[in-house]
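Here are my notes on the model you sent over. Have it open while you read, and go through the points in order.

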Amino acid sequence: MVSAKIAPSLLSGDFSRLAAECERMLALGADYLHMDVMDGHFVPNLTLGAPVIKSLRPHTRGFLDCHLMVSRPEQWVDDFAAAGADLFCFHYEATEDPRALIDAIRARGMRVGMAIKPKTPVDVVYDLAPALDQVLVMTVEPGFGGQAFMPECMPKVAALRSRFPDLDIQVDGGLAPDTIEAAARAGANVIVAGSSIFKAADPAAVISLFRKAIND
Ligand code: DX5
Ligand code: ZN
């Protein structure tokens, strides 16, 4: 049985105080620190890259769960490994050779995640899943925080969970107290949330509500 891991998305945090925001989230009960890397090409937004991860690394012992929404993710494996990323999650849609990329990420000592966009069918994951540490089923079109959760993605989570009982299945986009039940029921166990945690009056309560929904 997989257990809950809560991963606040720092995209909703204050970038001028990134290290402090990371420590604040860990103190409030976060398991992972979700870092959204966007290149203005794979998605229509720009955020941060390996230099920011490198600057952050000495200031936190948190697990840096790096979600690369970039074209040709192969080109960044060495930089993210050297920067101290713990997990490198690439998009299936962004690479021509996912198998080679998985091997390259692992060879550099990082854990490996693979993400699929809402319109990508889940069966592309089946053969690769045994080689992955985590699969990310996007529940919004990647690119921006604060979008509405897409419940139509839940059958993909359920299909993965029925085939891979021990796989870490992450969901990202629109996760909040009113959408967590659908994700939990489908079998997701790694919960990314930006706005619902950072904008909450009591972020620790939101984190523990997510954890309870998954673990109960
Ligand atoms: C969107 C990013 C998400 C985003 C989630 O492309 O991958 O991680 O920060 O934000 P919320 O939780 O606000 O939908
Ligand atoms: Zn993300």
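1. A term to start with: two residues count as in contact if their C-beta atoms, placed from the backbone, lie within 7 Å. Among contacts in the protein between residues at least 6 apart in sequence, 63% join residues at least 24 apart.

2. Housekeeping. This is a predicted model, where local features need pLDDT of at least 70 and side-chain atom pairs count only at pLDDT 80 or more, while totals for chains, interfaces and linings use all residues. Residues are numbered from 1 along each chain as its sequence is written, and chains are lettered from A and ligands numbered from 1 in the order in which they are written.

3. Overall size. The radius of gyration, taken over C-alpha atoms, can be set against a globule rule of 2.2 Å times the number of residues to the power 0.38. For 216 residues a compact globule would come out near 17 Å, and the protein has 16 Å, which agrees. Along the principal axes, the C-alpha atoms fill a box of roughly 40 × 40 × 30 Å. Buried residues (20 or more other C-beta atoms within 10 Å of their own; 12 or fewer makes a residue exposed, in between partly exposed; C-beta atoms placed from the backbone) make up 45% of the 216.

4. The sheet. You'll find eight helices and eight strands, which are DSSP runs numbered from the N terminus (helices H or I, at least four residues; strands E, at least two). The open sheet runs E1-E8-E7-E6-E5-E4-E3-E2 with parallel pairing, where pairing takes at least two DSSP bridges between two strands. At the edges sit E1 (5-8) and E2 (32-38), each pairing on one side only.

5. A closer look at one pair. E7 (residues 168-172) and E8 (residues 190-193) are parallel over three bridges, and Asp-172 stands opposite Val-192 in E8.

6. Which residues of H8 are buried? They are Val-206, Ile-207, Phe-210 and Ala-213. Because they cover an arc of only 125° around the axis, they lie on the same side of H8; the arc is that of the directions from the helix axis to the C-beta atoms. As background, an α-helix has 3.6 residues a turn, so residues three or four places apart point the same way. Exposed Lys-212 and Asn-215 are on the face turned away from the buried side of H8. What covers those buried residues includes E1, H6 (180-186), E8 and H7 (195-198).
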